[in-house]
Amino acid sequence: MSERVRYLYVHVPFCAHRCGYCDFVTVVGRGHQHERYVDALLSELARERAQLADDVETVFLGGGTPTFLAAPALERLLAGLPAAREVTVEANPETVTPELALLLRRGGVTRVSLGAQSFTPRLLSVLERGARPEDVRAAFYAFRDAEFDNISLDLIYGIPGQSAADLDRDLGAALALGPDHLSCYELEAKPGTRFTHTFGNELSRQADAMEGYFEQVVERLTEAGYRWYETANFCRPGAPRGASDFRAQHNLAYWLGRDYLGIGVGAVSTIGAERRRNRPGLARYLDALERGQTPPREVEHLDTTDRRRERIMLGLRLDEPLALAGLEEAVDEVALARLERLELAATRGPRERRVLSLTTRGRFLGGGVTAELLA
Ligand SMILES: C[S@@+](CC[C@H](N)C(=O)[O-])C[C@H]1O[C@@H](n2cnc3c(N)ncnc32)[C@H](O)[C@@H]1O
Ligand code: SF4
């Protein structure tokens, strides 16, 4: 029997509007279903409770837009979740009011992740965002006023129509707020979507510029004193109450290959040799739980090799060296020696305690280098 899980993800699919570029499991509006959905989440949690440890480390409410939930539903959901050292909620700026910030604080939330995406009105329109730059700033200050000491901002780059100078201004505007953490993602446009159809040529131009943008992001944020601790994630020095640093502890658990439980429509869990994915249909999810049944889901078997390979792929996204003990069979030693000669990867330590890291250049090349390393 595997150990009980200490990391819980809770998916809330509701959004005010579906942004053109977004591929997450979301539904628009559905105010009449919010209370029912919370009931279903709490039933699913009760069904899975035995898999969770008594002392849960992190809870992450993601979406969708958890802060789009009607206030009583959100309050009830927070009250029904286990307490944890880190409780993060994703928030869309236009949903944030001083009352909402206090509701989250009273509900045990310790960290908020605010979806800014950009501070340039024209680019926010391209992304079909509901918030203007002034909404992002107001939301940020509402959280600070409610004494949140761990606020993260999400930014996207490579947006159609964005230049390197626009990106520099976005980074400057984000830094001016003094966030504790930043996640900076390159825009991924899924083939076949309306967004890709509308911006096709411009998206290919941006794809060619992406490597340069990535370097620009890392340079600007590290110069400002942020730690580039994961490919797309940065945190400032210091620590929030009760933690040793500002890294996102929940996401860190994914990157370190820990088991996690996911509840909600479309949520994924990885526990021991199983990866379970709840299916994305909301109606069936609600129906199943209301009938006292397990929600429809797919179960994938992960063998030891799969998990080792994932461990390497995710672990090398971090700035701390990866211990190779137990992972040796998944590493192509010839490729590793070549990557060391090219100064893209480096190993240290005696054989039984050998650690592997990517050099700065290797981290910029990222997934390509890791793919070569895998046996
Ligand atoms: C699951 S979304 C939910 C957050 C929240 N609803 C919002 O939109 O701010 C979490 C983050 O993923 C990022 N994201 C979503 N779609 C993306 C895409 N196609 N390419 C790159 N980043 C994306 C955004 O930065 C977003 O803040
Ligand atoms: S608000 Fe967030 S989750 Fe909802 S559609 Fe937009 S990007 Fe996706």
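This is a predicted model: local features need pLDDT of at least 70, side-chain atom pairs count only at pLDDT 80 or more; totals for chains, interfaces and linings use all residues.
1. Asp154 uses its side chain, with an N or O atom 2.5 Å from an oxygen of ligand 1. Glu188 uses its backbone instead, where an N or O atom sits 2.8 Å from a nitrogen of ligand 1. Tyr21 is worth a look too, as a polar backbone atom of this residue is 3.0 Å from a nitrogen atom of the ligand.

2. On to ligand 2. The residues around it are Cys15, His17, Arg18, Cys19, Tyr21, Cys22, Thr26, Gly64, Thr65, Asn92 and Arg129. Sorted by class, this shell comes out as four nonpolar, five polar and two charged residues. Keep an eye on Tyr21, which is listed around ligand 2 and has the backbone contact to ligand 1.

3. A polar atom of the Thr67 side chain lies 3.4 Å from the backbone nitrogen of Asn92. Is Thr67 buried or exposed? With a relative accessible area of 5%, under the 20% cut-off, Thr67 is buried. Setting aside residues up to four places away in sequence, Thr67 touches Leu74, Val89, Glu90, Ala91, Asn92, Thr95, Leu100 and Leu104.

4. Now the second largest pocket, which holds about 310 Å³ of space. It is lined by 22 residues, and Arg85, Glu86, Gly242, Ala243 and Gln249 are the closest to its centre. Elements giving two or more residues to the lining are β4 (56–63), β5 (84–91) and α8 (249–255). Of the elements, α8 gives the most, with three residues. What is the class make-up of this lining? It has 10 charged, seven nonpolar and five polar residues.

5. Last, Gly262, which is part of strand β11 (residues 261–263). Its relative accessibility is 3%, so Gly262 counts as buried. Leaving out neighbours within four places in sequence, Gly262 is in contact with Tyr9, Glu44, Ala267, Val268, Ser269 and Asn278. As for Leu374, this residue is 112 residues from Gly262 in sequence, and the C-alpha to C-alpha separation is 28 Å.

Key:
Residues are numbered from 1 along each chain as its sequence is written. Chains are lettered from A and ligands numbered from 1 in the order in which they are written. Side-chain values use heavy atoms; hydrogens and water are left out. On a 1 Å grid over the protein atoms alone, a cavity is a set of points where a 1.4 Å probe fits but cannot get out, and a pocket is an open set with protein on both sides within 12 Å along at least five of seven lines; lining residues have an atom within 4 Å of a point. Grid points are joined across faces, edges and corners, and a volume is the space filled by probe spheres set on the points. Helices (H or I, at least four residues) and strands (E, at least two) are DSSP runs, numbered from the N terminus. Ala, Val, Leu, Ile, Met, Phe, Trp, Tyr, Cys and Pro count as nonpolar, Asp, Glu, Lys and Arg as charged, and the others, Gly among them, as polar. Buried means under 20% relative accessible area, exposed over 50%, partly exposed in between (1.4 Å probe, protein chains only). Contact means heavy atoms within 4.5 Å. A polar contact is a pair of N or O atoms within 3.5 Å; within protein, one must be able to donate a hydrogen and the other to accept it, and residues adjacent in sequence count only if both atoms are side-chain atoms. A residue is near a molecule or strand if one of its heavy atoms lies within 4 Å of it.
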